[in-house]
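Please read the sequence and the structure side by side. The paragraphs after them go through a few local features in turn.

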Amino acid sequence: MKPGSARSRSGNGVSRHAVEGGGGDEVTELLRAQLQQWWGYPGFRPLQKEAMSLVMQNRDSLIVLPTGGGKSLCYQVPALARDGMAVIVSPLISLMKDQVDTLQSLGIAAGCVNSMQTPEEKSEIARRIRRGELKLLYISPERLVQPRTLDFLRSTKISFVAVDEAHCISQWGHDFRPEYRQLKTLKQEFPGVAVHGYTATATEQVRRDIVEQLGLATADVLVGSFDRPNLIYRVERRVDAIGQIRRILSRHKGESGIIYCISRRNVEATSQALNRLGVKTLPYHAGLSDEDRRRGQDAFIDETAEIIVATVAFGMGIDKSNVRFVIHAEMPKSLENYQQESGRAGRDGLEAECTLLYSPGDVETWNYLMRDVEDEGVRTTSEESLRSMKQYCSSTQCRHRMLVEHFGQTLDGPSCGACDVCLKEMTEVTDALVVSQKILSGVIRQGERFGTGYTAQVLKGSKAKRILENGHDRLSTWGLLKDESETQLKHWIDQLLSQGYLRQSGEYNCLEVTATGRQVLKGQLTPTLLRVRQSEESDRREDSWDGVDRGLFEELRGLRTRLAVSRNLPPYIIFSDATLRALAKHRPSNAAGLKQIPGIGAKKLQDFGPVVLFEIQQWCRSRKIPTDVGFEGRSNSEEVMEQPQTSKSASDSVSSEYYDLFEQELSIEEIAVQQDTSLDTVSRHFVNWLQFQRRTDIGPWVSAAVQARIEDSIGRLGPEKLKPIFEDLRGEIPYHVLKIVVTVWELEQHE
Ligand code: ADP
Ligand code: MG
Ligand code: ZN
C-alpha cells in the first residue's frame, strides 16, 4: 500500500469515491470553516477530510493514522458540524482531561464523565447534556455501557460514537484494555448511530480485531501513511551512554523529551547520573508509587520537569504535543514498540529527534527478561521481533524506509532527508571491499570461535590478556585496522552481520563467515560499509526555524508558561510550539495578523490576543525590528486566508492600545466609552493584562471596600463560580468587577 493512500474494505461494495459523493464540496467547506474558526488551522492533514466526511455521512469507519496524524480532529470537527452530541470513548482519564481542556480552551462545549468527579460535577454534566449544551462528551468504556448511562444517553440526541485508541479492544495490541470488549454492544444499543474507531496501530491483525469486535463489518477503513517525516531518526552504537545522551540534550536546551531504558534499575541509574551532571531529570517506572508517578507525569505535562527517564510504562496517556526528542538508551524489544515510543515526539508536526543507542548485548537483556515466557508462540514472535529490531539497528538503509516497509508500506523518493543515513551523517566507505576482506579474514584466522568485541580488538591490535593468551597477537590480521576506533570496527562487523556476510552462532554469538561472505573474500561481492561522520553536529537546516526570531520565541514561551500557570492548564494547550514559532516569525501587530497564525482561532484571539500583541510589540519596538513580516507567500495553506473584517467587532478591536490605557490607569468605564465597546470587553482585556503583568494592586479600579466584600465572599464560596458570589452580594456588584477581583485573588494564590 502506498503511503497516504486510502483503502476501503467493505462487505457490500462501498467504494472509496463514495466518500466524497453527494454534496461533498459543501460539507468540506463547512468542515473547513469550523477548522479555521475554532482551531485556527488553515487546512486539513492527510486523510482528515475523508475521515470527517464519513462521520458527516453517518457511515461506520475505522481510521488508521500515525500518532500525531491528527485523529482527534477527525471526530471533533464533525461533532461541531452535526446536530446533537458526540460520545467519545477514551481509555484514560488523563487523555480525556487533556482533550476536554483543549476543546474548552478553544471555546468548544465539551465535557467528560469520570470516576474522579464529585457527585456535583457529575450532575452538572448531566444537566448540561439534558439542556443540549454539550457537543462532545468524553466517557470511559465501562461507564458508557452501564445500563443507567445507556438509558440516559438514549433520551438525548447522539450524533455519533467515536472510539479513540480503538486498538485497546484487541488483546493482540500493546495496550489491551478488557473494558473495551464491552463496546461490542454499541451497535445494538444505538441503532442508526454510526460508530467510528481511531487508532495508530500498524498491525493488520489488530485492525481486523477492531472491526470484528466493534461490529464494523461494513465500515470504510482508511489507512494513512505511517511515515512521520518530521521525526529525525538516528541509530548510534552505545559506547558511552551518558556522554552520548548529553550530546543530544545539548541540542535541546529547555525543551521536553523522554529517555527510555529497558529496566527500572537502568532508569534510576541513568536519571541519577544525569542529575549529578546538572541535567535535571525525573525517573518514572512501575516501581514508583502511584502518587510519585502521577506527580512525575504532571510535572512533564506542565513543563516544570523537562526530561523524564522512563521504562515503557511512561507514555500512553500523554498527548503532549511538543516533545522535541525521544532517546532510547537501550534497544526496544520490537519495531512496533520503537514506532510507538519514538512516535511520542513531534506530534505538533515540527521536527523532533529520535535517537536509538544500542548494543548487541541488549538482545540478551531482552532474552533474559523473557526467559520465563512459557508460551512457545509468544516466544517465537518475540524472537522474530528482536531480530527485526537488531536488523534496523545495524542496517545501512534509510531508517524511515525500513520502518514503513516493516509495516507493509512504501516510501516515495530516494532520500527521506531526515535520518542519519540520508543526512549522510554516515558516509559510505570507498574501499569497502578491502576493509570487509580484512574483517572477514580476521574472523577466519581466529577459527570462527570469537564474538564481535574480541574480533574488533584483534583488528585494532589490542594487547588484552586474552588475546595474548590465545596468541592472537601473532595473527597476520592483528592490528590490520589499527587506525580505526574499536567502535567503528564493531559497527562494521554489525553491518556485515546485517547484510548476511557474517552470522552469529552458539551461546557466545561467535562470528562465522557465510557462503556469501566467502564470495567477498574472493572479490566477487562488495558489501556496503558506512562510517559515522566524525563531527557529531549535522548542519542540517531546520526549515521550521527559518525566519523565526529565536529570542522572541523564548519570550513568548515564557508568556505561555505564565498564562498556563494562571489558568492551571498545560502550556501546550495554551499555544502549540508551531503557533509560537509562527508568531515569532511573522510578528503580527494586529488582530488581522494574529488570525493568520495557525492555531489561533476565535477564542484564542479573544483570550490571548492582547497579551501576545503586547509582548510582540514590546520586543519589536525595543529592538527596532519590523512587525507583520512575510504574511503573503505563506505555503502549505490550502486556502486563501480570510480577509480582516471591516466591521469593528469585539475581536477586531483587539490591540495593545488597551494596555496603554490600563497603564495610564484609566477606569474601565472611561476606556469603554473611548473605545466604543462594552464593559465586558474592556474588563476581559483588563483581566488578561492583570495576569500578564501579574499585577495584584487594583486600587485605581476597584475600591478597597468593594474588594474586601468580594474577597470575603470568595473566601466562603470559592472562586470557581461567579453566580453564587453575585447572589451572595445581593446583586449589588456587577459581574465584571467580580471577575477582576477573582483574578487578583487567584494571582495571589500563585504568588
Ligand atoms: P493523534 O490523535 O492522531 O495522535 P492529535 O489529534 O493529538 O493526533 O493531533 C496532533 C496535533 O496535531 C495536535 O496538536 C493537533 O492540534 C494538530 N493538528 C491536527 N490536525 C491539524 C491540522 N489540520 N492542521 C494543523 N494542526 C493539526
Ligand atoms: Mg489521539
Ligand atoms: Zn532516510
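Helices (H or I, at least four residues) and strands (E, at least two) are DSSP runs, numbered from the N terminus. This is a predicted model, in which local features need pLDDT of at least 70 and side-chain atom pairs count only at pLDDT 80 or more, while totals for chains, interfaces and linings use all residues. Residues are numbered from 1 along each chain as its sequence is written, chains are lettered from A and ligands numbered from 1 in the order in which they are written, and side-chain values use heavy atoms, with hydrogens and water left out.

Val-443 is a residue of helix α17. Is Val-443 buried or exposed? A residue is called buried under 20% relative accessible area, exposed over 50%, and partly exposed in between (1.4 Å probe, protein chains only). Val-443 has a relative accessible area of 2%, so it is buried.

A second pair of positions involves Lys-97, found in helix α4, which covers residues 93–105. Because its relative accessible area is 47%, Lys-97 is partly exposed.

Backbone angles come next. Most residues other than glycine have a negative phi. Glu-448 is not a glycine, yet it has a positive phi of about 50°. This residue lies in the loop between α17 (432–445) and α18 (452–460), and is partly exposed at a relative accessible area of 24%. Lys-624, also not a glycine, has a positive phi of about 55°. The loop that holds Lys-624 runs between α26 (602–623) and α27 (657–663). With 75% relative accessibility, Lys-624 counts as exposed.

Now to the aromatic side chains. A pair of aromatic rings is described by the distance of the centres and the angle of the planes. Rings of Phe, Tyr and Trp (its six-membered ring) pair if their centres lie within 6.5 Å; planes under 30 degrees apart count as stacked, over 60 as edge-to-face and the rest as tilted. How many aromatic pairs does the structure hold? There are 15. One of them joins Phe-450 and Tyr-454, which are stacked at 4.2 Å centre to centre with 15° between the planes. Phe-450 is buried, at a relative accessible area of 8%, and Tyr-454 is buried at 5%.

Trp-689 and Trp-701 form an edge-to-face pair, 5.8 Å centre to centre and 70° between the planes. This pair links distant parts of the chain, 12 residues apart: Trp-689 is in helix α29 (residues 679–693), and Trp-701 is in the loop between α29 and α30 (704–717). Trp-689 counts as buried because its relative accessibility is 1%. Trp-701 has a relative accessible area of 14% and is therefore buried. Together with Phe-662 and Phe-686, Trp-689 and Trp-701 form one aromatic cluster.

Helix α15, residues 376–394, contains Glu-376. Glu-376 is exposed, since its relative accessible area is 60%.
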